[in-house]
Amino acid sequence: MGSVTSKVNVNVVQEQVKNEPVVMYTKTSCTFCTKAKDLFADVKVAYKEVNLDSLKVEQPKDYLGIVNGLVYTTRQTSV
């Protein structure tokens with residue numbers, strides 16, 4: 001049986017937020033994400049977007065560990 005830590009990748013999340021002033025994790029169908037992106041555009045805040053739906057397609061083997069790392073780091077289960 002695998003350990004819990006093998007399914008939690010906090011390193012990727014910590015590296016992303018360390019290298020960018022603002023990182024927004026989004027889902028394609030999230031209306032709150034769309035509103036937040038519109039607000040950032042209106043007030044001219046530069047940000048890096050990490051779309052979790054795209055991540056699931058592009059990096060399927062790493063997806064669960066990254067999402068669990070995001071939950072572990074932020075203690076939030078929504079984007």
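Among contacts in the chain between residues at least 6 apart in sequence, 62% join residues at least 24 apart; contact means heavy atoms within 4.5 Å. This is a predicted model, in which local features need pLDDT of at least 70 and side-chain atom pairs count only at pLDDT 80 or more, while totals for chains, interfaces and linings use all residues. Residues are numbered from 1 along each chain as its sequence is written, and side-chain values use heavy atoms, with hydrogens and water left out.

**The whole chain**

Start with the chain shown as a cartoon. Its secondary structure comes to four helices and two strands, in the order α-β-α-β-α-α along the sequence. Helices (H or I, at least four residues) and strands (E, at least two) are DSSP runs, numbered from the N terminus. The C-alpha atoms fill a box of roughly 50 × 25 × 20 Å along the principal axes.

Of the 79 residues in the chain, 24% are buried. Buried means under 20% relative accessible area, exposed over 50%, and partly exposed in between (1.4 Å probe, protein chains only).

**Helix H1**

Select residues 10–19, which form helix H1; Val10, Val13 and Gln16 are buried there. Seen down the axis of H1, these buried residues fall within an arc of 130°, so they line one face of the helix. The arc is that of the directions from the helix axis to the C-beta atoms. An α-helix has 3.6 residues a turn, so residues three or four places apart point the same way. On the face turned away from the buried side, look for the exposed residues Asn11 and Lys18. The buried residues of H1 pack against S1, strand S2 (48–51) and H4.

Leaving aside neighbours within four places in sequence, Gln16 is in contact with Val23, Tyr25, Lys48 and Val50.

Gln14 also lies in helix H1. Gln14 is partly exposed because its relative accessible area is 42%. Draw a C-alpha to C-alpha distance from Gln14 to Thr73: the two are 59 residues apart in sequence and 8.0 Å apart in space.

**The nonpolar core**

Select Val13, Val23, Tyr25, Val50, Leu52, Leu55, Tyr63, Ile66, Val67 and Leu70, the ten residues of the largest nonpolar core. Strand S1 (23–26), helix H3 (52–58) and helix H4 (60–74) each supply at least two residues of this core. H4 gives the largest share, four residues. Such a core is a set of buried Ala, Val, Leu, Ile, Met, Phe, Trp, Tyr and Cys residues joined through side-chain atoms within 4.5 Å.

Centre the view on Ile66. Not counting residues up to four places away in sequence, Ile66 touches Asn9, Val12, Val13, Leu55 and Gln59.

**Rings**

Finally, show the aromatic side chains. The count comes to one aromatic pair. Phe40 and Tyr47 form this pair, which is tilted, at 5.4 Å centre to centre and 50° between the planes. Rings of Phe, Tyr and Trp (its six-membered ring) pair if their centres lie within 6.5 Å; planes under 30 degrees apart count as stacked, over 60 as edge-to-face and the rest as tilted. Phe40 is partly exposed at 22% relative accessibility, and Tyr47 is partly exposed at 29%.

End at Arg75, whose charged end sits over the ring of Tyr72, 4.7 Å from its centre. A charge sits over a ring if NZ of Lys or CZ of Arg is within 6 Å of the ring centre and within 35 degrees of the ring normal.
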